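Colleague: I would like to go through the labels attached to this model and hear what each one rests on.

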Amino acid sequence: MHQTFDAALGINLLHANQEGADHNREHFDEWGIICLNVMSSPGAGKTVLLERTLAALSSELKIAVIEGDMTTELDADRLRKYNVPVIAINTGRSCHLDSKMVAGGIHQLSYQYNPAEFDLVLVENVGNLVCPAEFEVGEHAKVALLSLTEGEDKPLKYPVMFQEADCLLITKMDLAPHLDVDVDRIVANVRQMNPHVAIVPVSAKTGEGLDAWFDWVRFQIKRSAPAKQQLSVVH
Amino acid sequence: MHETDMTKALIITVKDWWESQPVPPQISCIHLIVGKFTCVEPVSLQFAFNVQKQNTFLEGVELAIQETPLIAFCHHCQQDYFPEMGCQYACPQCQYPMEDIRSGRELKIDRIEYSFETEDSAAYAPNL
């Protein structure tokens, strides 16, 4: 007789990616590094934001960048001018970074440098508002960018990204006078699904809001400092 | 098209399970639960699975996807509500933000249906 059986699995589809992300985070914690996963649609201004961030903070913080790009090293080359380690990861046809790719970047960093010297790893994800939201890479916080030109409705249309974000930067604020975009509407739409997200309107061109963003980054590092001390007591 | 990657992950997980069985069974159906509030499109997942299963141990295996609705709990009104994807996520009664998602974020391999070949199943007859 042909008998049918049933096995209950209850395993997350992204189980393997999640395990990898947790492993990456353990490395970061061990070295006292804060990792931020920077995500947005293509052209929202991730790279220029990182340029401004490196210019302002690399004298007080030891920073490395893991740069995800589908096929080129154009962004990585821009960031290398700031004399920080930039590890480029070509994702090929994949439209997001996953934890395994970032693990490769971490190993490269620890091979070439003493990772314990670093305070901050900025991961620039592939430009995409959909997939990166589902694939954790081992970050401590998610930073989403939304440029003014994308319109007020994008948080409603791509809710997972905005619901998961710990910090939202509304970029290209210098264009506000030329556009019929209501910044308050963007904020209200995001707050509908993520009431606690830090929202910072910025312009990389004029410098508006960047100090508030730098303070947010500093705060993430400061917040982790007690954990860092505890860790060194344990060892 | 990250459903391709999701399908890869699915096949690897099922293969691990299949190989861990004392006698690798014949899988007939894999049941997934996919929430509405995820970045996964069931049609794309089904398509990717049908392509990737060819010439593997999953050839001929069916993929059944159960979608779960987005349900949030409003702590202010003390009740569940159905946010309207793409339009309205806050509580329709009091406008309190969607904070507590009770359903809709699932991305899970729920269960696997399988059987054994006829000659193997004879060994399972209790009176033998």
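Predicted model: local features only at pLDDT ≥ 70, side-chain atom pairs only at ≥ 80, totals over all residues.

Colleague: How do you know whether chain A agrees with a compact globule?

Modeller: For 235 residues a compact globule would have a radius of gyration near 18 Å, and chain A has 19 Å, which agrees. The C-alpha trace of chain A spans about 75 × 50 × 35 Å along its principal axes. In chain A, 45% of the 235 residues count as buried. Its secondary structure consists of 8 helices and 8 strands.

Colleague: What is the result of the globule rule for chain B?

Modeller: The rule gives 14 Å for 128 residues, whereas the radius of gyration of chain B is 20 Å, so chain B is more spread out than a compact globule. The C-alpha trace of chain B spans about 65 × 40 × 20 Å along its principal axes. Of its 128 residues, 28% count as buried. Chain B has 3 helices and 6 strands, in the sequence pattern α-β-α-β-β-β-β-β-α.

Colleague: What makes S4(B) and S5(B) edge strands?

Modeller: Their sheet is an open one of 3 strands, ordered S4-S3-S5 in chain B and paired antiparallel. Strand S4 (79–81) and strand S5 (100–103) of chain B each have a single partner strand, so one side of each is left without a neighbour in the sheet. Neighbouring strands in this sheet are turned by 40° against each other on average, with direction ignored.

Colleague: How do you know that S3(B) and S5(B) pair?

Modeller: Pairing needs at least two bridges between the strands. S3(B) (residues 71–74) and S5(B) have 3 bridges, in the antiparallel sense, so by the two-bridge cut-off they pair. B:Ile71 has B:Ser103 of S5(B) as its bridge partner.

Colleague: What joins S7(A) to S8(A)?

Modeller: 4 bridges join S7(A) (residues 167–171) to S8(A) (residues 198–201), and the two strands run parallel. A:Leu168 stands opposite A:Ile199 in S8(A). Together with helix H7 (residues 183–193) of chain A, S7(A) and S8(A) make a right-handed β-α-β unit.

Colleague: How many residues meet between the chains?

Modeller: 30 residues of chain B are in contact with 32 residues of chain A. On the chain B side, helix H1 (3–20), strand S6 (107–115) and helix H3 (118–122) each give two or more residues. S6(B) gives the most, with 9 residues. That side of chain B divides into 17 nonpolar, 7 polar and 6 charged residues.

Colleague: Which strand of chain A is joined to S6(B)?

Modeller: Strand S1 (residues 4–12) of chain A, through 7 bridges, with the strands running antiparallel. A:Thr4 stands opposite B:Ser115 in S6(B).

Definitions and conventions: Residues numbered from 1 in each chain as written. Chains lettered and ligands numbered in written order. Contact = placed C-beta atoms within 7 Å. Nonpolar A, V, L, I, M, F, W, Y, C, P; charged D, E, K, R; others polar. Right-handed = clockwise from strand over helix to strand, strands pointing away. Rg over C-alpha atoms; globule rule 2.2 N^0.38 Å. Buried ≥ 20, exposed ≤ 12 C-beta atoms within 10 Å, placed from the backbone. Axes fitted to C-alpha atoms, helices over the stretch in contact; angles between N-to-C directions.
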